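Subject: Structure handover

Hi,

Here is the structure I said I would pass on.

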Amino acid sequence: MQLTLWTYEGPSHIGAIRVAAAMTGVHFVLHAPQGDSYADLLFTMIERGQKRPPVTYTSFQGRELASNTSELFKTAARDAIERYKPQALLVGSSCTAELIQDDTGGLARAMNLPIPVVPVELSAFMRKENWGANETFYQLVRALAGPNVPAPGTPRPPRAPGQRPRCNLLGATSLGFRHRDDVTEITRLLDRIGIDVNVAAPLGASPADLARLGDADFNVVLYPEVASAAAEWLKRSFGQPAVTTVPLGIGATIDFIKEVAALAGIDPAPALATLPSRLPWYSRSVDSNYLTGKRVFVFGDATHAVGAARVAVKELGFTVVGLGTYSREQARDVREAAKLYGVEALITDDYLEVEAKVAEAQPDLVLGTQMERHVAKRLGVPCAVISAPVHVQDFPARYAPQLGFEGANVLFDTWIHPLMMGLEEHLLTMFRHDFEFHEEAAPSHLGRGAAQAAERPADPVAVAAAPAVAPDTSGSTSAPATGDIVPVWTADAEKELLKVPFFVRGKARRNTERFARERGLAQITVEALYDAKANVGR
């Protein structure tokens, strides 16, 4: 057993709650001891949900273990149906409750409840959150869509004339990383290419919606961690093929459109004629050239980690120096992706091991979870969050998808800005002694007048008594020249100076010239320029 402070995934019943909380008309009765109700805070405080998740906890206490805890569960189930009036009841046990071996599914079925009951065996001591979400969604789909499965060998009925192709969007849940906006973005994308969404599930779906999943022509698996098992069952039972390309980034979105169009029997050319995303141009623009080749370390759930690595290399020109996941069920996909970039896949749920690998790789940027954000902060490396586990800032009020063409725009902004800010902080440190950047300087947008006003004494008597000092009108804080030496820039040094961003180039020139005068240099070479930079940075 390994004791840890942080964990990438909660126990499997948290995954079940994520599915239940994403749907409407479903209530989850969780056989659990006091204390397991902490899960409510994940949805109300982190996701900022407007209502608590639809979960009833039996909340048995230690003294009740010697009595009949099964009666406690049955009472909780009856009360939940009477109070919340759900269309379907999900029942299961937390890891602690599994020890007492109450059969929640059998108990619920024996009660002859008036609504469908879906039991889930969560294997809490062996499995974790994403597996629990996958298993729960699979059991719900199987139970609610199962009665509509056609007899073996029954051909799928053809679409009515004039009817557009239909698909299901599978995998979005509560507490998912930008799942809400991803569903909206992909629904819009499919509509533009002539495809309707039959059902999006679990997020926003009802039990009745799950019952009609079989009406779609095919399925789109947005998040395999949650929907892979359900998609496989739908393929076996209804003959529905599945789109497995996750449209993360421009290239993957183009591949996604082609795969969807092939299944729907439509021409993808009109949708691909113009790409409504600014990422391709931004990544080729002069402002991004100096970011080419930046070293990036990627870690997260398998879907986002693999997709992010592809975008980083193929669309932004970065170099992947580390790739890994905590999703052991999808470890094979991450290992295959890691081979493409010449790195060894990191498969672990130990954040300390991840931190050690990040420190060893010395990346310029970390793309990871909230855990890696803290790691990168300690190491002084820029970071962007790309995957769950998440925190409150990862549920923005604005529209911020990760998938599709608009998602590509969000990726560019989210990933590039930490690098840009890191560069600005470096430059501010480099020129921290200049009159505009020293620690006591007023905000630059107020101009030098603000600094002069801040320095003006408030007491007029003190001003009158102060000795007269000739004002400095030179506008420069350069040190006095040593002798009459006027250093001359060589052509190579002038060319090298052009690599400094324009907004600090003048200050770099002044600092270098001051350095040369102080050391009696008659000529400023490339070596002198970098010596001056190193001197100012100390």
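Let me start with Y326, which is buried, with a relative accessible area of 4%. Keep in mind that this is a predicted model. Y326 pairs with F299 in a tilted arrangement, 6.4 Å centre to centre and 45° between the planes. F299 sits in strand β9 and Y326 in the loop between β10 (319-325) and α15 (331-340), so the pair ties together parts that are 27 residues apart in sequence. F299 is buried too, with a relative accessible area of 0%.

F299 has another ring partner in Y8: that aromatic pair is also tilted, at 5.4 Å centre to centre with 50° between the planes. Here the link spans 291 residues, from Y8 in the segment before α1 (12-22) to F299 in strand β9 (residues 295-300). Y8 is buried, like F299. Put together, Y8, F299 and Y326 make one aromatic cluster, and the structure has four aromatic pairs in all.

Two arginines are worth a click as well. R188 lies over the face of Y399, 5.0 Å from the ring centre, and R509 has its charged end over the ring of W489, 4.9 Å from the centre of that ring.

Some overall numbers for the protein chain: there are 23 helices and 15 strands, and 49% of the 538 residues are buried. Of the contacts with a separation of 6 or more, 73% are between residues 24 or more positions apart. The accessible surface comes to about 26500 Å², with 54% of that belonging to carbon and sulfur atoms.

Now the salt bridges; a search of the whole structure turns up 16.

- E355 and R378 form a salt bridge, with the closest N and O atoms 2.9 Å apart. This pair connects helix α16 (residues 351-361), where E355 is, to helix α17 (residues 370-379), where R378 is, 23 residues apart. E355 counts as buried at 17% relative accessibility, whereas R378 is partly exposed at 48%.
- R180 and D181 meet through their side chains at 3.1 Å, N to O. R180 is partly exposed, with a relative accessible area of 48%, while D181 counts as buried at 6%.
- K499 bridges to E496, and the closest N and O atoms are 3.4 Å apart. K499 counts as exposed at 63% relative accessibility, but E496 counts as buried at 16%.

There is also a network in which salt bridges that share partners join K128, R328 and D349.

Which residues does T253 touch, leaving aside its neighbours within four places in sequence? The contacts are L189, P247, L248, G404 and F405. T253 itself is in helix α10 (residues 250-264) and is buried, at 0% relative accessibility.

Last, the outside. L99, F125 and M126 make a nonpolar surface patch of about 410 Å². M126 lies in the loop between β4 (117-119) and α6 (129-145). With a relative accessible area of 69%, M126 is over the 50% cut-off and therefore counts as exposed.

Cheers

Note on methods
Residues numbered from 1 in each chain as written. Predicted model: local features only at pLDDT ≥ 70, side-chain atom pairs only at ≥ 80, totals over all residues. Heavy atoms only, no water. Patch = residues over 30% accessible without salt bridge, like charges linked within 9 Å, V, L, I, M, F, W, Y side chains within 5 Å. Areas by Shrake-Rupley, 256 points an atom, 1.4 Å probe, with all protein chains shown as cover. Salt bridge = Lys/Arg side-chain N within 4 Å of Asp/Glu carboxyl O. Helix = DSSP H or I, 4+ residues; strand = E, 2+ residues; numbered from the N terminus. Buried < 20%, exposed > 50% of the residue type's maximum accessible area, 1.4 Å probe, protein only. Phe/Tyr/Trp six-rings, centres within 6.5 Å; stacked < 30°, edge-to-face > 60°. Lys NZ or Arg CZ within 6 Å of the ring centre and 35° of its normal. Contact = heavy atoms within 4.5 Å.
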